[in-house]
Amino acid sequence: ATDAMLLGPDWTMNLELVDLVNSGKQDASKEVVKGLRKRLWKSPKEQTLCLTLLETLMKNCADPFHQQVGTKDFMGEISKLALSPKTAAEVQQHLVGLIDEWAVVFGRQHHLQIFAETHMQLSMQGIKFPSRAADFVSAYDLVAAGSVDSRSEERQHMSVAGNHHDPRLAAPASGVHHVGTSGMQSGLAALAGAAVQKRSPVGSPM
């Protein structure tokens, strides 16, 4: 999902990883976040793919995944990347936008206050955050309420209607994206940087 050879995000693999995390498989969230962390300091292209995947997971997975992202270690790496003078402008812009959203959506939850704290610390260190659209929170509202599965009907309706939409905003439809054991293993192996067969880009994160 973050292979530098991809022309763009691999939405099929990204949504398979969403399914993997939402399956409740033991340590899935932890292993996926560990893999994402390893890719934060790669090339700008890989960083962009990594952040797109992270955004997709945050918008389509529930609280257990949010807690894995909301750790001092992971958010510390996020802060370092945002502050690093070596970070490409487009990567920093994407990253800062995500931090801004997380601070608003999750920052009021006691166990996820690190998102708001990170936002405040970066602001104090000179990071400029973007102006927020009035309705941007709608992309997270069901996730924040713990209703990931309830989005499946909406996604199916959008598909039938032929509407174009950003896959980052839609959870995988129940019964559509079933990830078998081999799929789970290959997804985690790819994130961990193991030697797995490269997937062809499908034009739309790993």
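A disulfide is taken here as a pair of cysteine sulfur atoms within 2.5 Å, and a search of the whole structure on that criterion returns zero disulfides. The model is a predicted one, in which local features need pLDDT of at least 70 and side-chain atom pairs count only at pLDDT 80 or more, while totals for chains, interfaces and linings use all residues. Residues are numbered from 1 along each chain as its sequence is written, and side-chain values use heavy atoms, with hydrogens and water left out.

**Overall make-up**

The chain has ten helices and zero strands, where helices (H or I, at least four residues) and strands (E, at least two) are DSSP runs numbered from the N terminus. Of its 206 residues, 46% count as buried; buried means under 20% relative accessible area, exposed over 50%, and partly exposed in between, with a 1.4 Å probe and protein chains only. The accessible surface of the chain comes to about 10600 Å², and 51% of this surface belongs to carbon and sulfur atoms; the areas come from the Shrake-Rupley method with a 1.4 Å probe, and for residues only the protein chains shown count as cover.

**The nonpolar core**

A nonpolar core is a set of buried Ala, Val, Leu, Ile, Met, Phe, Trp, Tyr and Cys residues joined through side-chain atoms within 4.5 Å. The largest such core holds 40 residues, among which Leu 54, Leu 57, Phe 65 and Val 69 touch the most other members. At least two residues of this core are supplied by each of α1 (11–22), α2 (28–38), α3 (44–60), α4 (63–69), α5 (72–83), α6 (89–106) and α7 (114–124), and the largest share, eight residues, comes from α6. Leu 54 is in contact (heavy atoms within 4.5 Å) with Leu 36, Phe 65, Val 69, Phe 74, Ile 78 and Trp 102, when residues up to four places away in sequence are not counted.

Helix α1 has twelve residues and reaches 16 Å from its first C-alpha to its last, close to the 16 Å expected at 1.5 Å a residue; the expected span is 1.5 Å times one less than the number of residues. Just after α1, Gly 24 takes a positive phi of about 80 degrees. Asp 27, in the loop between α1 and α2, has a positive phi of about 65 degrees although it is not a glycine.

**Helix α5 and its surroundings**

Helix α5 likewise has twelve residues, and its span from first C-alpha to last is 16 Å, close to the 16 Å expected. Its buried residues are Phe 74, Met 75, Glu 77, Ile 78, Ser 79, Leu 81 and Ala 82, and what covers them includes α2, α3, α4, α6 and α7. Ser 79, which lies in this helix, is in contact with Thr 118 and Leu 122 once its neighbours within four places in sequence are left aside. The C-alpha atoms of Ser 79 and Leu 122 are 7.1 Å apart in space, although the two residues are 43 apart in sequence.

Ile 127 lies in the loop between α7 and α8 (141–144), and its C-alpha atom is separated by 8.0 Å from that of Val 96, a residue 31 places away along the chain.

**Individual residues**

Thr 52 has its place in helix α3, where its side chain reaches the backbone oxygen of Thr 48 at 2.9 Å. This counts as a polar contact, defined as a pair of N or O atoms within 3.5 Å; within protein, one must be able to donate a hydrogen and the other to accept it, and residues adjacent in sequence count only if both atoms are side-chain atoms.

The table gives the relative accessible area of selected residues.

| Residue | Relative accessible area | Class |
|---|---|---|
| Cys 50 | 0% | buried |
| Cys 61 | 0% | buried |
| Thr 52 | 5% | buried |
| Ile 127 | 11% | buried |
| Ser 79 | 13% | buried |
| Asp 27 | 44% | partly exposed |
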